[in-house]
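Hi,

Here is the structure I promised to pass on.

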Amino acid sequence: MAEVITKEKSGGKQNKKPIKIDMTPMVDLNFLLLMFFMFTSSFTKPNVMDLGLPGKDTNPIPTNYDIDQRNQITFIIGENNRIFYHQSNQEDLTEAGLKETDYNGLNVSKIISNAYEKAPKKEIFTIILKPTDDANYKNFVDMMDNISISKKERYGISDIKPWEKKVYENVIK
C-alpha cells in the first residue's frame with residue numbers, strides 16, 4: 001500500500017512535517033487493472049449482410065436468347081438519398097427515361113411489380129442495382145430490403161456503366 005514518509009525539521013518554532021506519498025504501488029495496480037480489462041473484454045464483430053449468392057455452377061446452361069430490356073429493371077443509387085430507375089439499353093436511355101423515386105418500400109415494390117408484369121419472360125426477370133460512388137451504405141441496404149420484400153429472387157449488383165453515368169450526371173445537375 002501507500003507509505004507515508006515524513007521528515008522532521010529541527011530548529012524552528014513549529015515542526016512541519018512534509019508528506020511524501022509513494023505512488024509506485026498505485027501505478028502497478030492501474031497497469032494490472034488495465035491488462036485485466038484488455039484481456040477479458042470482447043471486441044464487437046462487424047455486422048455483415050448476407051447476400052445469399054448462388055454457388056458456382058460446374059455445368060452452366062448456355063443462354064440462346066437475347067436479353068430483352070423489358071426483362072430487367074435497373075436501379076441507380078445516387079447521392080443525397082436519391083434513387084433512379086430505368087428499363088433502357090445504351091441507345092435508348094435519355095434524361096427523360098431515367099426516372100426518380102424514393103426509398104419507400106411501397107413505391108419500389110410497385111415499380112418492380114409493374115416491370116415484372118410487363119416482362120415477356122417472367123422466369124428470367126432480373127433486378128439490377130448499380131450504386132454510384134456517392135451512394136451510402138444505408139441506401140444500398142434499404143434497396144436490398146425492398147427487393148426482399150418484393151419477393152423477386154433474381155437480382156444483381158453491378159457498377160454503373162459510363163453511358164448510364166453520363167445520363168445520371170445530366171439528370172442530377
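A definition to begin with: I call a residue buried under 20% relative accessible area, exposed over 50% and partly exposed in between, using a 1.4 Å probe and protein chains only. This is a predicted model, so local features need pLDDT of at least 70 and side-chain atom pairs count only at pLDDT 80 or more, while totals for chains, interfaces and linings use all residues. Residues are numbered from 1 along each chain as its sequence is written, and side-chain values use heavy atoms, with hydrogens and water left out.

Aromatic rings first. Rings of Phe, Tyr and Trp (its six-membered ring) pair if their centres lie within 6.5 Å; planes under 30 degrees apart are stacked, over 60 edge-to-face, and the rest tilted. Searching the whole structure gives 4 aromatic pairs. One of them is Phe36 with Phe37: the ring centres are 5.2 Å apart and the planes are at 70°, so this pair is edge-to-face. Phe37 is exposed, at 54% relative accessible area, and Phe36 is partly exposed at 46%.

Tyr116 and Phe125 also make an edge-to-face pair, because their ring centres are 5.5 Å apart with the planes at 80°. Phe125 is buried, at 3% relative accessibility, whereas Tyr116 is partly exposed at 23%. The charged end of Lys152 is 4.2 Å from the centre of the Tyr116 ring, and that of Lys122 is 5.7 Å from it.

Now the salt bridges, meaning a side-chain nitrogen of Lys or Arg within 4 Å of a carboxyl oxygen of Asp or Glu. There are 4 in the whole structure. Among them is Lys130 with Glu164, at 2.7 Å from N to O. Lys130 is in strand S6 (residues 126–131) and Glu164 in helix H4 (residues 162–172), so this bridge ties together parts 34 residues apart in sequence. Both Lys130 and Glu164 are buried. For the element names, helices (H or I, at least four residues) and strands (E, at least two) are DSSP runs, numbered from the N terminus.

Another bridge joins Lys165 to Asp133, 4.0 Å from N to O. Lys165 is in H4 and Asp133 in the loop between S6 and helix H3 (137–150), so that pair links parts 32 residues apart in sequence. Asp133 is exposed at 72%, while Lys165 is partly exposed at 35%. Within H3, Lys138 and Asp142 lie 4 residues apart, about one turn of the helix, and their side chains form a salt bridge of 2.9 Å, N to O.

Last, helix H2 (residues 105–118). The expected span of a helix is 1.5 Å times one less than its number of residues. For the 14 residues of H2 that gives 20 Å, which agrees with the 20 Å between its end C-alpha atoms. Val108, Ser109, Ile111, Ile112 and Ala115 are buried in H2. Viewed down the axis, the buried residues of H2 fall within an arc of 160°, so they line one face of the helix; the arc is that of the directions from the helix axis to the C-beta atoms. What do those buried residues pack against? Strands S3 (72–77), S4 (83–86) and S5 (99–101), along with S6 and H3, where contact means heavy atoms within 4.5 Å. The face of H2 turned away from the buried side carries exposed Leu106, Lys110, Glu117 and Lys118.

Cheers

How values were computed:
Lys NZ or Arg CZ within 6 Å of the ring centre and 35° of its normal.
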